[in-house]
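Open the model in your viewer and keep the selection tool at hand. Each stop below says what to select next and what is there.

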Amino acid sequence: MNLVRFILQNHTQVLQLTLEHLWLVGLSTAFAVLIGVPLGIVIAQRPRLNKPVLASANIIQTIPSLALFGFLLPVPWLGERSDRLAILALTLYALLPIIRNTYTGIRGVDPAVVEAGRGMGLTESQLLFQVELPLAVSVILSGIRVAVVISVGLATIAAAIGAGGLGEFIFRGLAMVDDRVILAGAIPAAILALLADFGVGWLERRLRAQ
């Protein structure tokens, strides 16, 4: 009851921080898709680039989030705004599942289907957009689903550099040793992660069923 009372009394701030959280996650995921899907396509078509690209994305995943924020702080322009820095860091963390699933999805297309498309006179770009990507889209969405859930969790750390989001409540609650304040940030973040997982998962299942 104390938690519910706290959220009701501070509902304006909870809503504001939730919207900030959604902004960080949404923008970083969009950037990760714009970078990760083309990279996945490139390494699927040029297998020799597979190991260096995936290895680089894997290395980024191993860097602790606070350490990555620290590495990026001195970067010109980025370090001037904490939200820019947070969006870049979240984008980097979201790349691996998107690149990997795009690569896996395209490489998993039946070669006989691709050859049939070539036999019909389709160009390589037509094969990609009319055959390979439509068949791989559910696998790609699975990667985006993982990336979104990761980003929702990691975005709470962004509050440590003043980027806002629901992590503000978590860090404030830790400083005050107040469970209510911690949960006021943790529970909405968990709900956002579950909603994102359910929403993208539903879209993935719909596309797979077609």
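Select Gly 165 and show its surroundings. Leaving aside neighbours within four places in sequence, Gly 165 is in contact with Leu 17, Glu 20 and His 21; contact means heavy atoms within 4.5 Å. Gly 165 sits in the loop between H7 and helix H8 (167–176). Helices are DSSP runs of H or I with at least four residues, strands are runs of E with at least two, and both are numbered from the N terminus. Gly 165 counts as buried because its relative accessibility is 0%. The cut-offs are under 20% relative accessible area for buried, over 50% for exposed, and partly exposed in between, with a 1.4 Å probe and protein chains only. Gly 165 and Val 152 are 13 residues apart in sequence, and 9.8 Å apart from C-alpha to C-alpha.

A word on the source. This is a predicted model, in which local features need pLDDT of at least 70 and side-chain atom pairs count only at pLDDT 80 or more, while totals for chains, interfaces and linings use all residues. Residues are numbered from 1 along each chain as its sequence is written, and side-chain values use heavy atoms, with hydrogens and water left out.

Zoom out and colour by pLDDT, the predictor's confidence in each residue, from 0 to 100. The mean for the protein is 87, and 97% of residues reach 70 or more. Confidence is highest in helix H2 (residues 11–45), at a mean of 93, and lowest in helix H4 (residues 65–72), at 78. Where pLDDT is low, the predicted coordinates should not be read in detail.

Switch to cartoon. There are nine helices and zero strands. The C-alpha trace spans about 65 × 40 × 25 Å along its principal axes. Of the 210 residues, 42% count as buried. Of the contacts with a separation of 6 or more, 72% join residues 24 or more positions apart.

Next, select Gln 13, in helix H2. Gln 13 counts as partly exposed because its relative accessible area is 27%. Beyond four places in sequence, Gln 13 is in contact with Phe 169 and Arg 172.

With Ile 99 and Ile 106, Phe 169 touches the most other members of the largest nonpolar core, which has 52 residues. Such a core is a set of buried Ala, Val, Leu, Ile, Met, Phe, Trp, Tyr and Cys residues joined through side-chain atoms within 4.5 Å. H5 supplies the largest share of this core, 13 residues.

Move to Ile 106. Outside four places in sequence, its contacts are Ile 41, Ala 44, Leu 128, Glu 132, Leu 133 and Ala 136. Ile 106 also lines the largest pocket, as do Ala 44, Leu 128 and Glu 132, among others. H7 gives the most to that lining, with four residues.

Finish at Asn 50, in helix H3 (residues 50–62). Is Asn 50 buried or exposed? Asn 50 is buried, because its relative accessible area is 15%. Asn 50 touches Ile 43 and Tyr 103, not counting residues up to four places away in sequence.

Terms used: 1 Å grid on protein atoms, 1.4 Å probe; cavity = no way out; pocket = protein on both sides within 12 Å on 5 of 7 lines; lining within 4 Å.
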